[in-house]
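User: Please examine the helix packing in the following model and answer a few questions on it.

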Amino acid sequence: MARFEAAPESTALPASEEHVVIFKLADEYYALDIQAVQEIVRMQTITSIPGADFWVEGITNLRGRVVPVIDLRKRCGVPASEYTPETRIVVVSSSTGMVGLIVDAVSEVMRIPGDQVEPPSAIVAGPENGYLRGVAKLEDRLVSLVDLEGVLPASADDYGSFSRAA
Amino acid sequence: MASTKGTPLQFDLDDEDLKLFLEEAEEQIELLDQSLVQLEGEPDPALVQRIFRAAHTLKGSSATIGHKKMASLTHAMETVLDAVRQGRRAPTSDVVDALLAGLDALRVLANEVVTRVDSGIETERLEADLMAVLEGDGPAVALPEAHDAPVYQVPAGALECCWEDVEQGQGIYFVDVTIASDCQLPSIRCYQVLQEMESIGKVAACWPERDVIEAGGGEYRMASLLVTRQTDEQVAAALKAVSDVAAVRLRQVPPAEATGPIEGFRDEPQQPAAARPEAGEAREDAPAETQRGANGRKASQSVRIDVERLDGLMNLVGELVIDRTRLQQVREQLSSVLRDASLSELMDNFEETTSHLARVTDELQEQIMRSRMLPVRSVLSRLPRLVRDVAVKCGKKVDLVTAGEETELDRSVIEEISDPLVHILRNAVDHGIESPEERRAAGKPETGTISVTAWNQETYIYLAVRDDGRGIDTSALRRKVVEKGLMTREAAEASTDDQVVQWIFMPGLSTAKQITDVSGRGVGMDIVRTNIERLNGQITVSSVPGKGTEVIIQLPLTLATTKALMVSANGTVYAIPLVSVTEALADHEADIHTVGGRKTLRLRHRLLPMIDLAAALGDTRPRMLPTDGYFVVAARHGDRQAAFIVDRLLGEQDVVVKSLGDMLGTRKGLTGATILGDGTLGLIVDIASLVTEQAAVAVPA
């Protein structure tokens with residue numbers, strides 16, 4: 001756990017640059033801090049957990065570890081779609097341990113210069129704002145920087161309140 | 001000093017030292033906690049020496065890290081203990097009280113190392129109290145002379161590293177070294193002796209343990225088991241060359257005696273006390289070593305391993321176990337396809353390899369499991385203090401007898417059994433044992449006896465708590481149950497005493513005439529039972545009026561694996577712990593009725609509510625029962641039962657229990673997940689919560 005927490009969770013946008021993994025969700029590009037990404041695996045068998053929230057796809061076996069998997073489309077309110085050969089599970093380490101995020105595709109790893117990142121509110125205002133910590137304007141596209149702890153329920157307790165609210 | 005409360009503290013240690021310090025401090029404090037209570041009125045020299053040594057070790061380690069308050073308090077305690085040790089002061093209750101007060105402060109002080117904040121403990125006052133006790137005019141008593149030769153217990157597996165040498169003809173020697181009594185720093189001499197032995201051979205076991213000696217804990221006597229090619233004269237000469245060594249005695253031990261059945265050779269009779277420097281020395285030191293010997297199991301050849309690392313190994317082995325199962329499946333499939341004769345040799349080869357892998361994996365799993373095991377002593381050792389405190393509060397006289405401290409079980413279980421055990425003991429002292437007057441009137445000894453015994457049987461550990469108190473008052477229980485409206489008077493009267501005794505597990509029932517601050521904490525035996533069943537254990541109670549009560553807890557040796565009945569329901573595989581399964585049958589064999597619109601299973605003259613397992617767990621996906629029939633699994637929690645509808649029975653299996661992780665937390669009805677033979681995951685069902693919930697729903701119907 002200590003190792004996970006050691007991963008820098010930048011709150012202020014650094015002046016220098018962001019080292020990120022870019023993934024696609026419903027034709028939009030998102031970025032995750034590369035420090036938080038443990039690995040990227042192909043879609044594999046997921047065992048659903050009865051009674052869990054609709055966006056919790058279930059749990060999967062990652063080399064002997066039981067890892068909960070979240071469907072990011074459902075979590076972010078994007079209409080669900082069929083899994084494709086491009087579908088990936090991005091395994092991240094968070095304050096509640098390892099979590100898998102189902103995304104449409106993983107495109108690349110890149111560095112985004114800090115001066116190209118703007119706070120999210122400047123571009124869009126919506127409920128998904130809580131999941132984003134900035135938007136980068138690249139030459140050919142926009143990339144939203146995902147706030148990992150915002151996307152994930154912080155703990156089992158919070159998770160409980162999430163499910164009650166749902 | 002009090003004014004310093006809250007000020008930041010600095011200690012001279014890094015994280016690794018901190019961990020070591022805390023581990024050691026905890027160990028010694030625990031030891032003191034356990035033994036100080038026994039000290040009262042029973043000045044057994046071995047015990048006194050053990051306590052003295054623990055205080056001494058604590059003093060040393062706290063001084064090393066620069067914890068001045070802790071060092072000076074342990075010094076004061078040591079001074080008092082020294083007086084007791086030398087027979088200058090009898091360990092009367094005021095002495096023990098002062099020492100216990102010091103011990104409580106030590107706990108807080110040790111924790112300052114973590115918090116780095118002054119806790120405001122006034123060590124001066126405690127030290128003054130200790131000194132006052134010392135100067136008090138309590139009678140001096142002569143300690144009983146130690147007469148028997150010390151017994152050294154060779155730790156299991158101690159000789160493992162040396163067998164090759166023994167097979168090549170090297171000798172095994174028992175070596176006893178006495179350091180001159182005028183030596184200023186015996187610990188250094190012990191260390192030198194140890195070094196010397198290691199330069200001429202291998203030290204298989206050592207009393208005191210190697211790490212005690214290395215930490216400067218050596219005293220005027222040490223003993224060891226040395227494997228060397230040298231002759232006894234050579235060994236003696238080499239060791240006598242170390243300064244301040246007053247005497248060296250050694251004796252060759254035949255390998256057969258050293259192997260022995262598991263426990264290795266036990267008795268190591270001492271030579272006559274010719275070499276003992278003086279009577280006083282001998283009296284103090286010989287029993288000390290007896291004690292060391294008794295504790296020898298955790299001695300010399302052990303390494304501290306991070307629990308996380310062990311868990312990691314456990315995970316990997318779990319993976320191997322799964323791969324093995326998959327390989328076996330592949331083998332079966334292959335052999336049914338490849339009937340071609342030319343391939344038979346290849347197949348044989350493959351079979352041989354898989355079965356070898358299977359054996360090795362089983363062995364590996366077993367070994368790692370064993371390395372996670374701890375003696376139950378760490379739990380039992382806390383009990384004497386608890387019993388003393390509770391007995392004092394209730395005005396009872398109680399002797400606690402423990403047995404089976406060496407019984408080992410998985411550390412995960414150890415962590416869980418402490419609370420239930422403490423609760424049961426509190427009950428035993430508070431409700432079980434009568435007041436001294438009552439006992440006298442009943443013709444019993446004034447002092448009651450509570451025994452806590454641990455033992456292994458098959459893959460379970462048993463803990464029995466017996467008291468010789470008044471037994472469970474069945475007529476009071478009957479009244480209570482009726483008063484609380486839990487049962488009609490007729491039903492209560494019709495129940496046998498054996499049945500009534502079981503009612504102590506009913507929720508919300510307390511038979512104590514008044515709520516005491518000892519047991520009346522709102523935590524009843526029902527919670528104890530729930531907790532134990534959560535661990536896949538069972539608890540039973542029996543009682544004889546006027547004679548006493550016995551509570552037996554049965555727990556699996558480990559929580560890491562559990563035997564389960566595998567079933568499938570609505571496309572998901574579930575594991576139902578076998579301990580709660582009473583019956584599993586196909587629907588056409590089952591005696592199913594509809595009672596009040598609910599499906600009900602009649603099983604052995606009982607009507608069990610039938611519940612769809614998937615639905616009970618909250619599976620909201622469309623549900624379709626198999627067209628060719630379904631299965632029913634009857635499961636129990638305490639005396640409640642329910643029957644769960646499942647699609648298929650998949651057989652029994654040892655499952656490795658894995659947590660669902662922090663994010664999912666504890667889910668209703670599930671205790672975790674397990675990896676199946678095909679690499680996918682199955683869910684482990686928490687029968688206790690499902691049965692409780694369903695039974696509650698079922699009762700009004």
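**Helix packing in chain B**

B:Asp419, B:Pro420, B:His423 and B:Ile424 of α16(B) are in contact with B:Val528, B:Asn531 and B:Ile532 of α21(B). The model is a predicted one.

User: How do the residues of the contact of α16(B) with α21(B) divide into nonpolar, polar and charged?

Analyst: The contact includes B:Pro420 and B:Ile424 from α16(B), and B:Val528 from α21(B). By class, the residues are four nonpolar, two polar and one charged.

User: Are α16(B) and α21(B) roughly parallel or roughly antiparallel to each other?

Analyst: Helix α16 (residues 411–432) of chain B packs against helix α21 (residues 525–534) of chain B with the axes 10 Å apart and an angle of about 150 degrees. Angles over 145 degrees count as roughly antiparallel. The two helices, α16(B) and α21(B), are therefore roughly antiparallel.

User: What is the hand of the crossing in which α15(B) passes α16(B)?

Analyst: Helix α15 (residues 383–394) of chain B has an axis that comes within 9 Å of that of α16(B), at roughly 35 degrees. Residues that meet there include B:Leu386 and B:Val390 in α15(B), and B:Leu425 and B:Val429 in α16(B). The contact has nine nonpolar, no polar and two charged residues. The crossing of α15(B) with α16(B) is right-handed.

User: Is B:His56 buried or exposed?

Analyst: B:His56 lies in helix α2 (residues 45–64) of chain B, and an unreviewed UniProt entry places the feature "modified residue: Phosphohistidine" there. A residue counts as buried if 20 or more other C-beta atoms lie within 10 Å of its own. B:His56 has 20 such atoms within 10 Å and is therefore buried.

Conventions
Residues are numbered from 1 along each chain as its sequence is written. Chains are lettered from A and ligands numbered from 1 in the order in which they are written. This is a predicted model: local features need pLDDT of at least 70, side-chain atom pairs count only at pLDDT 80 or more; totals for chains, interfaces and linings use all residues. Axes are lines fitted to C-alpha atoms, for helices over the stretch in contact, and angles run from 0 to 180 degrees between N-to-C directions. Helices (H or I, at least four residues) and strands (E, at least two) are DSSP runs, numbered from the N terminus. Angles under 35 degrees count as roughly parallel, over 145 as roughly antiparallel, 65 to 115 as roughly perpendicular and the rest as oblique. Two residues are in contact if their C-beta atoms, placed from the backbone, lie within 7 Å. Ala, Val, Leu, Ile, Met, Phe, Trp, Tyr, Cys and Pro count as nonpolar, Asp, Glu, Lys and Arg as charged, and the others, Gly among them, as polar. A crossing is left-handed if the near helix is turned anticlockwise from the far one by less than a right angle, and right-handed if clockwise. UniProt positions are given in the numbering used here, feature names are shortened, and annotations may be inferred rather than shown by experiment. A residue is buried if 20 or more other C-beta atoms lie within 10 Å of its own, exposed if 12 or fewer, and partly exposed in between; C-beta atoms are placed from the backbone.
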